[in-house]
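Try each task before you read its solution.

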Amino acid sequence: MVKFIFNLIVLFGIWIVQHQCRSIRNGDGVELTGAILREWGYTANTTEMNLINRGIKSIEPFAFSYFGSLLHLTIEDQQLTTLKQYSFFGIDKLASLTVRNCPKLTRVPSGAFSFVYRLKQVSMISNGISVVEPGAFGSLDNLVSLSFYDNAITKLDVGLLERIPALTSLNLGRNQVEKIADSAFDKIDSLRELDLSFNRLSSLSSRVLKNLGKSLQTLDVSENRIDTIEAFTFKGLDKMRELNMRANPIREIKSNAFSGMNLSTLNLLDISEPMKVARDAFEGLCVDSPLLNAQLENEFGSFNDGSCNSLISIN
């Protein structure tokens, strides 16, 4: 049944491409179709497209179906407002997609990237995106890098990142994220790098991070609004190597806040601000970098030899 539906969609897409005999334009901009792309000189053998300031208003379903050889696609347009379901359908070989500097683009709909099976990198940078619908990235089994850097996303809901099993790098820096659902990351257990810097997070929850313990190596939550590091916040993240919490208004670090971690880089605090630090706040923290060992000793008191048995004591 699924195969039948898929074939039906393919046939419908081919029909649309074959019957788009004229460009769709109006006073507000271009509604991009395969016909327009052919008018612009692109062919079935095109491997790279850079659609820069073409006055594109929307990308219609199946717009790229004719261009099956396409490997790299970049779209940059001040006029772009709309992606639609199946906008990128049929680009079987596409490996990287960049959509950037589109301030009027506010939503990524469910199914926008459906059936783009070989896609490895998606960069949605410096747009106005505030809503990413569940299923927007469904079935992208080969996607390893996803960036929404510099958009307007306010929350990460359950289902947003489902069915991206190979994802290793996720950049959500410079958004407006205030809330992360407890199960937001439950379906991406291969993630190694997570950037949440320059957002509006007021806290971190061990429930949010718990599923990332198998893979996460780098976490950046700098330039947020985190004021307290709770007990066992990073419990289970034993593969974490780099943690950046710089430029948060941290006032308190509770007992066992870093328990179980094995770090080589910890960019933690602005120690010019008054702070309450529990005596056993760093209990169980493993440090394998002499430089980090010296930094912690200088900032928080005596610290042992830097081995995984080292403990910080607060004087």
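Predicted model: local features only at pLDDT ≥ 70, side-chain atom pairs only at ≥ 80, totals over all residues.

**Exercise 1. Work out the strand order of the open sheet of ten strands, and find which strands stand at its edges.**

Solution. Start with the order, which reads β3-β5-β7-β9-β11-β13-β15-β16-β18-β21, with parallel pairing. Next, look at the two ends: β3 (48–52) and β21 (265–267) each have a single partner strand, so one side of each is left without a neighbour in the sheet. To finish, take the twist, which averages 5° from one strand to the next.

**Exercise 2. Describe how β5 is joined to β7.**

Solution. Take residues 72–76 for β5 and residues 96–100 for β7; the two strands run parallel, and five bridges join them.

**Exercise 3. Find the residues with the most contacts inside the largest nonpolar core, then list the contacts of Phe-113.**

Solution. This core has 83 residues, and those with the most contacts inside it are Phe-64, Leu-73, Phe-88, Phe-113 and Phe-234. Among the elements that give two or more residues to the core are β3, β5, β7 and β9 (121–125). Now turn to Phe-113 and leave aside its neighbours within four places in sequence: the contacts are Phe-88, Leu-97, Val-108, Leu-119, Val-122, Met-124, Ala-136, Phe-137 and Leu-140.

**Exercise 4. Classify the ring pairs that Phe-115 forms with Tyr-86 and with Tyr-117.**

Solution. A pair of aromatic rings is described by the distance of the centres and the angle of the planes. For Tyr-86 and Phe-115 these values are 6.3 Å and 20°. Planes under 30 degrees apart count as stacked, so this pair is stacked. The pair links distant parts of the chain, 29 residues apart: Tyr-86 is in the loop between β6 (82–83) and β7, while Phe-115 is in the loop between β8 (107–108) and β9.

For Phe-115 and Tyr-117 the centres are 5.9 Å apart and the planes are at 75°. An angle over 60 counts as edge-to-face, so that is the class of this pair.

Then check burial. Both Tyr-86 and Phe-115 are buried, whereas Tyr-117 is partly exposed, with a relative accessible area of 38%. Lastly, ring pairs link Phe-62, Tyr-86, Phe-89, Phe-115 and Tyr-117 into a cluster.

**Exercise 5. Find the rings that Arg-174 and Lys-235 lie over.**

Solution. The charged end of Arg-174 sits over the ring of Phe-198, 4.1 Å from its centre. Lys-235 lies over the face of Phe-232, at 5.7 Å from the ring centre.

Definitions and conventions
Residues numbered from 1 in each chain as written. Heavy atoms only, no water. Pairing = 2+ DSSP bridges. Helix = DSSP H or I, 4+ residues; strand = E, 2+ residues; numbered from the N terminus. Axes fitted to C-alpha atoms, helices over the stretch in contact; angles between N-to-C directions. Core = buried A, V, L, I, M, F, W, Y, C linked by side-chain atoms within 4.5 Å. Buried < 20%, exposed > 50% of the residue type's maximum accessible area, 1.4 Å probe, protein only. Contact = heavy atoms within 4.5 Å. Phe/Tyr/Trp six-rings, centres within 6.5 Å; stacked < 30°, edge-to-face > 60°. Lys NZ or Arg CZ within 6 Å of the ring centre and 35° of its normal.
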